[in-house]
Amino acid sequence: MYSKTQHNVGYGAVVARIPAHAVTKLLMLLFGVIYPACTELAAEIMSVEQAKAYKEYMFVVSGKPMNSTKQSQTLSYHTERIIRIPLGHRDFRQVMCSILVNIAKVDFGQPDEDDEDLHIIHSQFNHGVKVAEKHYGLQSNDAIPQISHTAVAAMQLVSVCYHVKLSLLPPSYASTLDALPENNQEQRLTDLVIPLKRHLATEMGQLKGDLKTWITDIMDRRIAGILVHLLKELRPSLQSTSQMQVIQSHTNRSRPLVVHEGLSQTLLSILPSSQLLRWTIPEQAELVQSSLGSKHVLAILPTGSGKSLAFFGAAMQSPDHLYIVVSPLVALTNDLKRRLGQTRLAGDLWNAHLDGSRMQIVLVSIDVAVRNDFSVWAESYKYRLKRIFVDEGHLLYAHQKFRQCMDLLSNLMRLCKPITILSATIFPQSESLICERLGIDLAHVHVIRVCIERTNVRYRVRYVKPALPPAEPQTDSFQPDPNMVAELMCIRNTHSLDEKSRGLIYFTSITKLNAFAAKLGLASYHAEMVQGDPVVNNALKADVVDAWCKGKEPGHRWLCCTQAFGAGVDYPHVRVVVHVDPRAAMFYLQESGRGGRDGDPYFSYVLWQKKPFLADPELDPHVGVLPMLEFLTTRSCRRVAWYDINPHVHSCCAMNAERCDNCNKMSEVGHLLR
């Protein structure tokens with residue numbers, strides 16, 4: 001209860017108010033910590049009677065009561081700080097009334113006209129309609145109406161009951177409590193506290209869930225905003241560092257290799273159905289030519305540009321030599337075996353009994369390549385070994401499973417043979433890392449790098465507001481967000497795929513993959529679909545891929561998958577690639593590159609609810625976490641967001657490429673988005 005000294009009717013009024021949540025927290029601190037400490041010292045500086053009185057009264061603002069303006073400012077300050085919404089007197093009154101009526105179910109009713117005391121009490125909790133419309137009247141009359149002793153005593157009794165329930169009753173009220181009739185006290189506790197407790201428990205349960213979602217969303221946006229702002233502030237230094245690394249990479253490159261005129265004609269036997277071999281890009285020809293030399297090679301070419309022609313071509317050019325091809329993925333190794341069988345080259349998957357004297361190409365997965373028995377085998381055929389190829393080289397440092405393998409793979413360097421590292425997403429700043437881990441001096445490496453940006457991709461990025469509280473995707477109780485499911489269904493309905501066209505939806509975890517695939521009614525694909533039985537697992541994955549490639553039914557033309565899908569699958573007519581909450585640019589670019597390999601335009605959708613976050617300071621710069629974040633949040637051209645990891649990139653218009661969603665918006669409004 002407090003005194004309102006400025007009132008619209010010309011005199012002051014005693015007003016009862018429930019304090020704001022933020023104010024209540026401060027009062028709890030004062031009453032529970034600061035105030036008890038002060039009361040222990042009160043008797044040292046004042047009389048006993050004054051000390052007792054001090055224990056029962058509290059003043060604010062240096063011992064002086066607040067005026068309405070000051071209290072409104074205080075309420076606004078604390079409510080904005082705690083709940084991000086400033087609530088002054090007027091707004092707070094509406095919140096208080098809503099709590100009393102809708103949550104606490106308090107109904108003061110309409111008092112009798114002759115009951116003056118009830119009218120005064122009623123006015124303390126509410127105002128008339130006219131007053132609400134006119135807000136506050138500012139009068140200077142400080143008169144205060146009198147309230148009967150009975151009304152004050154009743155309100156004090158209610159306050160005492162609450163204090164008893166909370167075990168916060170001042171010592172001087174002990175005698176008052178003892179004088180209360182036991183039944184009356186219990187009855188008031190039952191009438192006031194117990195029903196309110198039930199309502200509050202229900203409402204607080206719902207509020208807790210809503211508040212968690214709201215706070216998570218606010219914090220996520222604020223943290224992401226800070227990261228974006230920090231990225232902008234650090235961009236000059238980051239760009240200078242990146243440019244230095246790129247310059248270093250350029251200085252390590254040899255001049256463009258001269259490709260022999262008859263090289264393409266020699267390779268025709270690899271592709272018997274082709275009458276004329278046409279290089280996809282000039283760097284592909286240089287890559288094949290480099291395989292015949294003696295220098296280490298680091299080749300970064302776009303997905304679908306024909307990097308595998310490097311080792312097939314090398315074996316064709318030097319049929320008397322042996323080439324080892326190491327792949328991090330079993331699926332890719334098996335696909336290379338299938339493609340190897342379509343040529344006239346002698347090759348096979350490695351096994352301990354393989355006769356290396358008759359082989360031209362030996363395929364081996366990385367988990368086998370690091371074993372001692374393979375090292376012994378390779379050493380025995382060192383006299384025939386010409387070069388070692390490592391496909392999908394970015395996985396050697398970007399994937400936790402293969403990091404240790406990369407250290408062990410350096411044992412192959414003891415064979416003193418040149419090595420070629422192939423990838424589509426090794427960024428300039430990562431060249432020295434992978435060479436260092438393999439024990440290679442970058443200064444002795446011939447780097448072939450191409451702008452990996454595809455001009456036929458149409459980027460579409462959408463933020464999807466969560467409909468459910470955030471949940472860990474690793475839990476069994478994970479439920480797909482309805483809004484995200486609706487967006488995926490919308491994309492699926494927008495793109496009616498014909499018998500030739502296909503669509504892919506990528507997820508970052510198996511739990512999310514299975515949950516969303518079930519909701520969408522689509523097949524799913526991941527690395528270990530059947531655990532404990534590799535034969536059955538590989539057969540099941542092959543069936544899934546085969547059904548997707550054939551696409552006999554419309555539902556078979558879409559596939560939900562993880563990053564395990566794609567290696568070894570070269571389907572040219574993927575028209576739509578969708579990513580749900582991508583984590584890093586490396587994986588996103590690798591997976592989105594599965595689309596449009598026939599050269600026709602395709603869509604790359606990104607649906608996100610969680611922004612990428614920095615988790616590993618050592619690895620994050622090499623997988624492109626911050627560029628991924630900038631790609632999601634930029635209002636400029638999406639392609640330019642890749643500059644820090646792909647310095648050759650330009651805007652959609654400058655590259656004469658398919659327009660991203662932001663470039664489309666800029667063309668509609670007629671100016672750059674700010």
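Biologist: Which helix holds Leu211?

Modeller: The model is predicted, so to speak of a local feature needs pLDDT of at least 70, side-chain atom pairs count only at pLDDT 80 or more, and totals for chains, interfaces and linings use all residues. Residues are numbered from 1 along each chain as its sequence is written, and side-chain values use heavy atoms, with hydrogens and water left out. Helices (H or I, at least four residues) and strands (E, at least two) are DSSP runs, numbered from the N terminus. The run that holds Leu211 spans residues 182-252 and is helix α9.

Biologist: Is Leu211 buried, partly exposed or exposed?

Modeller: Buried means under 20% relative accessible area and exposed over 50%, with partly exposed in between (1.4 Å probe, protein chains only). Leu211 has a relative accessible area of 37%, so it is partly exposed.

Biologist: What is the area of the nonpolar surface patch that includes Leu211?

Modeller: A patch takes residues with over 30% relative accessible area and no salt bridge, joining like charges within 9 Å and nonpolar side chains (Val, Leu, Ile, Met, Phe, Trp, Tyr) within 5 Å. A salt bridge is a side-chain nitrogen of Lys or Arg within 4 Å of a carboxyl oxygen of Asp or Glu, and accessible areas come from the Shrake-Rupley method with a 1.4 Å probe, only the protein chains shown counting as cover for residues. Leu211, Trp214, Ile215, Met219 and Ile223 make a nonpolar patch of about 430 Å².

Biologist: Which residue in β8 is the bridge partner of Phe389?

Modeller: Strands β7 (residues 385-390) and β8 (residues 419-423) run parallel and are joined by three bridges. Phe389 has as its bridge partner in β8 Thr420.

Biologist: In the open sheet of six strands, which strands stand at the edges?

Modeller: The pairing is parallel and the order is β10-β15-β14-β11-β13-β12. Two of these strands have a single partner strand, so one side of each is left without a neighbour in the sheet: β10 (457-463) and β12 (523-525).

Biologist: How far apart in space are Trp608 and Lys465, C-alpha to C-alpha?

Modeller: Trp608 lies in strand β15 (residues 602-608) and is buried because its relative accessible area is 7%. Beyond four places away in sequence, Trp608 touches residues including Val461, Tyr463, Met484 and Leu632. Trp608 and Lys465 are 143 residues apart in sequence, while their C-alpha separation is 8.6 Å.

Biologist: Is Cys416 buried or exposed?

Modeller: Cys416 lies in the loop between α17 (400-409) and β8, and has a positive phi of about 60° although it is not a glycine. Its relative accessible area is 63%, so Cys416 is exposed.

Notes:
Contact means heavy atoms within 4.5 Å. Two strands pair if DSSP finds at least two bridges between them.
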